[in-house]
Amino acid sequence: MPKLGIAIVGTGMIGAVHRRAALLAGADIRGVAASSPQRALEVAQSWNVPRAYRDIKEVVADPHVQVVHVCTPNHLHHPMAQAALQAGKHVICEKPLATTLEDAAALAALAAATGLIATVPFVYRYHPVVREARARIAQGELGPLHLIHGSYLQDWLLDPASNNWRVDPALGGASRVFADIGSHWCDLVEWVSGERFTEVSAAFDTVIPERSAISGKSFSTPAAGGVKQAVASEDVAAAMFRTGAGTLASLTVSQVSAGRHNRLWFEIDGARASVAFNQEDAERLWIGLPEQREEIFVRGPGAGSAEQRQLSVLPAGHAQGYGHCFEAFVADTYRAIEGERPDGLPTFEDGMRSALIVDRVITSARTRAWTAIG
Ligand code: SOE
């Protein structure tokens, strides 16, 4: 595969994850843009890349850049991705595509019109045992589905002294915990189950009404004390869904659940069997069976579906994780740029789907009514 020239816009935690995945996928990182030209210079030197761009205009004007990775805070995703697509660059844009449904729809339409490759890192699709679960459901092993349920729990915003740009609706969007991590759960279970949500009843709660005004990095230890400010976005959310096949689903999301770090968990229960996945123990897939039987499928290249084997780059017992998921996602994006059609690559269409679900969840939480998703 020829070396793709890429630029990374946004150099926080996730920008560094994109960098590692891009390097492992063989990219030539041409430069970075950051929150300031000075910060871009510092990171360009640290990452040993040729360019420190002053702004997105300089990024998209660079003829050596074929792909732009957008890793900024949410409110900048839409303008950055739009500028890149309009300049003929392929795009990997961090979720959400935009902080409004309208802007997400416009981006998805622009990507479709340009024919460029435009993807969104719903990377939990790339855990090998998630692919095993999807393959078994697709092969009918579970039978007709009876129930989908789960949660996505974190605790990095439990301390009221912690704050982050995600908490501010002007930067993160109208919904915080649901849009930030409930979106991952919804994308994952729709993709794995093969069923789509058609209506939702949701509720939000802000259990920490005031936080320190000092904004820190995600998952960081907060600075002590300081001036407080009111919080307008939700810390916890609960939602019930119906799928088009009539299957009931329930989800709990939280960023204030002590002891939970990045615990995305789902269970899908069918007439003949169930499967359960825990992102914090991603080497195993639990399979529930009738007559007092349970099975544990262990990740590895030696067994299971072709999709699971293909993503298992290490032997069983040599744990793969989040980083491997990201590397597989970026490598699949670059393969798509070279003309391949990797199975399950999340595109701007999936980003648009996510924005629709989030928009309807917000409406339901505000109206306290069941709301069609379409
Ligand atoms: C913070 O909640 C966060 O980094 C999310 O923004 C990511 O999308 C998720 O994968 C991990 O947690």
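I count a polar contact as a pair of N or O atoms within 3.5 Å. With that cut-off in hand I opened the structure, which is a predicted model.

**Entry 1: the ligand**

For His184, I found a side-chain N or O atom 2.8 Å from an oxygen atom of the ligand. For Asp180, a side-chain N or O atom lies 2.7 Å from a ligand oxygen. I then checked Trp156. One of its polar side-chain atoms is 3.4 Å from an oxygen atom of the ligand.

How much of the ligand does the protein bury? The ligand taken alone exposes 310 Å², and the protein buries 92% of that.

I also listed the surroundings. There are 13 residues around the ligand. Those that come nearest are Lys95, Tyr124, Gln154, Asp180 and His184.

**Entry 2: the parallel sheet**

Next I traced an open sheet of six strands. I read the order as E3-E2-E1-E4-E5-E6, with parallel pairing. E3 and strand E6 (118-119) are the edge strands, and each pairs on one side only. I looked at one pair inside this sheet. E1 and strand E4 (residues 67-70) run in the parallel sense and share four bridges. As an example, I noted Val9, whose bridge partner in E4 is Val70.

**Entry 3: helix H2**

I turned to helix H2, which spans residues 37-47. Which of its residues are buried? I found Ala40, Val43, Ala44 and Trp47 buried. They share one side of H2, because they cover an arc of only 105 degrees around the axis.

Asn48 follows H2, and its phi is positive, near 55 degrees.

**Entry 4: the mixed sheet**

The order is E16-E15-E14-E13-E7-E12-E11-E8-E17, and the pairing is mixed. Strand E16 (293-298) and strand E17 (371-372) stand at the edges. Each has a single partner strand, so one side of each is left without a neighbour in the sheet. Strand E11 (residues 236-243) and strand E12 (residues 248-254) run antiparallel and are joined by seven bridges. In one of the pairs, Val236 has Ser254 of E12 as its bridge partner.

**Entry 5: two single residues**

I looked up Thr333 in helix H10 (residues 322-337). Is Thr333 buried or exposed? Its relative accessible area is 1%, so Thr333 is buried. Leaving out residues up to four places away in sequence, I found that Thr333 touches Ile92, Ile117, Thr119 and Leu345.

Last, I checked Ala87. It sits in the loop between helix H4 (77-86) and strand E5 (90-93). Its relative accessible area is 35%, so I log Ala87 as partly exposed. I also took one distance from it. Ala87 and Gln279 are 37 Å apart in space, C-alpha to C-alpha, and 192 residues apart in sequence.

Definitions and conventions
Residues numbered from 1 in each chain as written. Predicted model: local features only at pLDDT ≥ 70, side-chain atom pairs only at ≥ 80, totals over all residues. Heavy atoms only, no water. Buried < 20%, exposed > 50% of the residue type's maximum accessible area, 1.4 Å probe, protein only. Helix = DSSP H or I, 4+ residues; strand = E, 2+ residues; numbered from the N terminus. Arc of directions from axis to C-beta. Near = heavy atom within 4 Å. Polar contact = N/O pair within 3.5 Å; in protein donor to acceptor, adjacent residues only side chain to side chain. Areas by Shrake-Rupley, 256 points an atom, 1.4 Å probe, with all protein chains shown as cover. Pairing = 2+ DSSP bridges. Contact = heavy atoms within 4.5 Å.
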